[in-house]
Amino acid sequence: MAQAQLLDKPFQEPPEHPKAWKWYDYFTFNVDHKVIGIQYLVTAFIFYLIGGLMAVAMRTELATAESDFIDPNLYNAFLTNHGTIMIFLWIVPAAIGGFGNYLVPLMVGARDMAFPRLNALAFWLNPPAGALLLGSFFFGGAQAGWTSYPPLSTITANTAQSMWILAIVFVGTSSIMGSVNFIVTIWKMKIPSMRWDQLPLFCWATLATSLLALVSTPVLAAGLILLLFDINFGTSFFKPDAGGNVVIYQHLFWFYSHPAVYLMILPIFGIMSEVIPVQARKPIFGYWAIAYSSLAICLVGLFVWVHHMFTSGTPPWMRMFFTISTLIVAVPTGVKIFSWVATLWGGKIRLNSAMLFSVGLLSMFVIGGLSGVTLGTPPVDIHVHDTYYVVAHFHYVLFGGSVFGLYAGIYHWFPKMTGRMLNEPLGITHFVLTLIGTNLTFLPMHELGLKGMPRRVAMYDPQFEAVNVICTIGAFVLAFSIIPFLINVIWSWNKGKKAGDNPWGGLSLEWTTSSPPLIENWEVLPIVTKGPYDFGMEQRAVMERKEDEEEYEYDDDEDEYEDEDDL
Amino acid sequence: MEQIPASIWTLTAGVVVTLISFWVGQNHGLFPEQASEQAPLVDNLFDIMMTIATALFLVVQGAIIYFVVRYRRRKGDEGDGIPVDGNLPLEAFWTAIPAAIVIFLGIYSVDIFLRMGGLNPGDHTSHTMGHKQGVAVVAQAPQGTTSDVPMLLAAKGDIDVGIGASPDVLGQQPDVAVKVTGMQYAWIFNYPNYGITAGELHIPVGKDVQLDLNASDVIHSFWVPQFRLKQDAIPGITTELRFKATKPGTYPVVCAELCGGYHGAMRTRVIAHTPEEFDEWLSQNQVASGPESTDFTPPSLVAAHLDATGINPQLLAQVQNEQAEAMPNDRHHHHSMH
C-alpha cells in the first residue's frame, strides 16, 4: 500500500485486522515486513547451525594430518556447502533479509515495504535453495568449492553441481528482488518529516548494499547459467579443449563475489552504527562520513575483484590496477572504524551483550581488515593465495565481523521484535565463549598459511598438525558457544522479562512503536522531531545557550567537557 | 597544567607502540626459510605491512579498551554522554593518513612486483620463438591486408601471464627450462632439452629457471612456500614462473588450487642442487634413461592414494606425447650451466 494512501486514511478508523500475528502466520506467505524479517532470521539461523555442523566435521577431520575421519570427496562436499550456506543462506539473508526487512520500514516511518508481495516471494526462494543444497548430498554433493571453478566443477558430481547452481540462482534472484524493494522503500516511502540527514545509518547501509547487489548479482547469475549449460547441454563456454576459457568464469564469478563481501559487511556496519550510539549514549561521530563511506565502499568494491586472480591468468597491468583499487577500499572502511571508536569516547557505555559484541566486532574486524591489506598487494598475495592465511583473513572478517554484528543486532533488537529482554548473564557467557573460540580457531591459521599449508585440503603435511589441533579445539569452543545463545533466545522469547517499548532509550523511529510492533507498525504515524542519534543534545543546547549569554568559561560541574579538547 | 601530563602520556604511548611494532615487524617468525631470489623481497614488504598493522591494531584496540573502561556507565547514571558528533580536522586526518599509507604500500608493492619479474612474463618468447612465428605469418600475409587475425593467431601461443624475467635477466634466455604439467594428483616435470621426465623438480641453485606451466585436466596451482612463488597451472593457457633458487635443499611443492578429492595429497618436492650436482643429475638421468624414456616415480604421498589418482603408464605416455607436440623444436636455450 502506498504511503500516500495510508496517510489519507483517517487515523481514528478502527483497524480491520488483529494487532499481532499468530504463531502460524510465520509459516505462511505473509506479506508483513516484520513477519518476513523474522522468517529470514530464523531460517538463516537454522542454516547457520547446519553450516556450523559441517565446519565441526571438517575441523574434526583436520585434527590429524591424514584423511581418516570422512571420505575426501565428502570433505570437499562439506567445504563447498559450508561456504555456500554460510554466505548465501546465513549472513546475507540474515543481515539484509532479516534485519533489513524488519527495520527499514520501521526506521523510515513506513507501514510496510514498497512491494510486500515481492518481499514475501523473495523470502520464499530461500528454503528451496537450501533444500537443493542439502539434497545435493544424495547425489554426491557439489565438490568444487563455493567458487566452483571449471573445469573441476564441470567434471565432478554433475547433478549435485547443477543443484548447487540452481540454489545460487534462487538466492541471487531473491537478492535482486529484495534490493529493488529496499531502494524503492527508502527512496519513496521515507516519512516526509524525516530529512535525509535524519535517515538512520542502517538505512544508508541498506541502500548502498542494495545498489551493489543490483549491479553485481546478475553477472554471477550469467556466469553460473553458462556453467550450467556447459555441464548439462554440451556448450563449451569454459571448456578449454573446445575453445572455451576457464579464466572468464573466474572474472564473472568474482565480479559478484568480491562485492558479496561488502553485501555481507555493509548491513553489519549499519547495525554497528545503530547499536553503538544507543548503547554508548552518544551521537554517532561523523554521520555523513559513515553514510558516504558506505556509498564509497559500494562503488570502489566493484573494482577490486581481480585480486582473487593474482596467481591466475591475469595480465600484469590488471594486477597493478586492482592492487591500487583493492588497497583504496581500506580507506572508507577505516573511516567507519575510527568513527565508531570516536563515538565511544566520552560516552556512558552500557557494557551489555549488544555492546560487547559490537566492540568485539571492531577488534576482530581490525585484524581482518589489516590482513586484507596484505592480500591486496600481489607479492604477498601470490605467496598466501589459496592458503590458510586467506581462510584466517576471511573468517576474521566474516565471523569476527559479520557474525559478531548479527549477534549484536539480535541482542539489541530482540526486545523490539519479541517484547521481551534477553538474559544478560547468558548473553555475556555467549560473548566470552565466542570471542575465545574465534581467536583460538582463526588466529593460528595465519601462521599455517604463511608457513605453507594450502586451504581446502582433507590431508596435509604432518608438520602442521600441532597448530591444527589448536584450531580444532577452538572450533569446538565456537560450536559450544551457541548453546547459551540458543537457550537464551528460546527461554527469553517465552518467559523473558518484559521489555517495554524502548528499553535502551533509542531515538530512531522503531523505538516509538510498541514491542513487538503492531501490524502496520503504528496507530498514528510518528513525526520526526529530532535525529536518530541526538543523544545529550539538550545538554548541548543548554551549553550553547550559556555560551551565548555569557562569555564562555568552564564551571566546576562541566569539567568533563574539557576532554573535548583532547580529540 | 593538566594538559602537559596528557601529552607526555600520548608521546610515551606513541614511542612504545612504535617500538613494539618495529620489533613485531622484524621478529614475527611467520615465514619459512627464504630459498629464492624473490623471497626476501616478499618478506620485506610483508614485514613493513606487519609493522604498520601492529601499530594500527595497538592504537585502535588500545583506544577501544581504554574508552570502554573509562567511559563505562556507572550504576544509576541514566544520562547521556558528551554530545560531540564530529570534528572535521580529525576526520580529515584519519582519512588522509590511511590513504597515504595505502598509496605508499601500493607503489611499493608494484615496485617489488616489478623486481620479482611480475611485469615481464613472456619476455623470452616475444624475443625468440614468438618473434619467429610472427615473422613467418607476416611473410605469408598478402600485401595491403588490414586484417590483424594472423597476428592474433600468432600471438595466441605466447605466454603473457605469470612471473617472468626479473630486471637483471630481462631479454635473456633462461638457463634451464622445464615444462610442468599438473594433473590429478601429481606434478610432471619435463626437461625438453634433455629428454628427461620426472616426478620431482630438480634445479640448479643460482641459475635462472623458467617453468612453463600447464594442466591436463583441472586447474592446479604450483606453490613452493620457501620460494614465496605460486602460479596457477590452467588447462588451455600456458603460464610462466621464472625464478632463481638461492639455497641448496629440498623443498615441498604444493598444489594450492582445489583440484579434487585428493587435492591435499598432490605434493612433491623441488630439489635445489649446486650446479655441479645438477649436471651430475642431468647426465645420470640422460644416460640411465635415454632421451625418450620416463623416470617418473610417483611421490610417496601420492603413492598412498595411487588408486584414487588414476595415474597409469598410458596416461603418462599421453601427457608426454602432448608435451612433445607442444614443444617447438626451435627452442634452443643457452646451456650456460658451467
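Predicted model: local features only at pLDDT ≥ 70, side-chain atom pairs only at ≥ 80, totals over all residues.
Let me start with A:Pro151, which sits in the loop between helix H5 (126-135) and helix H6 (152-155) of chain A, where helices (H or I, at least four residues) and strands (E, at least two) are DSSP runs numbered from the N terminus. A cis peptide bond joins A:Pro150 and A:Pro151, with omega at about 5°. Another cis bond runs from A:Ser515 to A:Pro516, with omega near -10°, and A:Pro516 lies in the loop between H17 and helix H18 (537-549) of chain A.

Residues are numbered from 1 along each chain as its sequence is written, chains are lettered from A and ligands numbered from 1 in the order in which they are written, and side-chain values use heavy atoms, with hydrogens and water left out.

Staying with loops of chain A, A:Asp386 is not a glycine, yet has a positive phi of about 60°, and is found between helix H14 (378-384) and helix H15 (388-418). A:Asp386 is buried at a relative accessible area of 4%, buried meaning under 20% relative accessible area, with exposed over 50% and partly exposed in between (1.4 Å probe, protein chains only). A:Arg456, in the loop between helix H16 (424-451) and H17, also has a positive phi of about 60°, and counts as buried at 8% relative accessibility.

Within helix H17 (residues 465-495) we find A:Ser481, which is buried with a relative accessible area of 1%. Leaving aside residues up to four places away in sequence, A:Ser481 touches A:His430, A:Leu433 and A:Thr434, contact meaning heavy atoms within 4.5 Å.

How many residues does each chain bring to the contact between chain B and chain A? Chain B gives 83 residues and chain A gives 97. The area buried between them is about 7,700 Å², of which carbon and sulfur atoms give 69%; buried area is the accessible area (1.4 Å probe) that two parts lose on being put together, summed over both.

Across this interface the rule finds 2 salt bridges, each a side-chain nitrogen of Lys or Arg within 4 Å of a carboxyl oxygen of Asp or Glu. A:Arg281 forms a salt bridge with B:Asp80, the closest N and O atoms being 3.3 Å apart.
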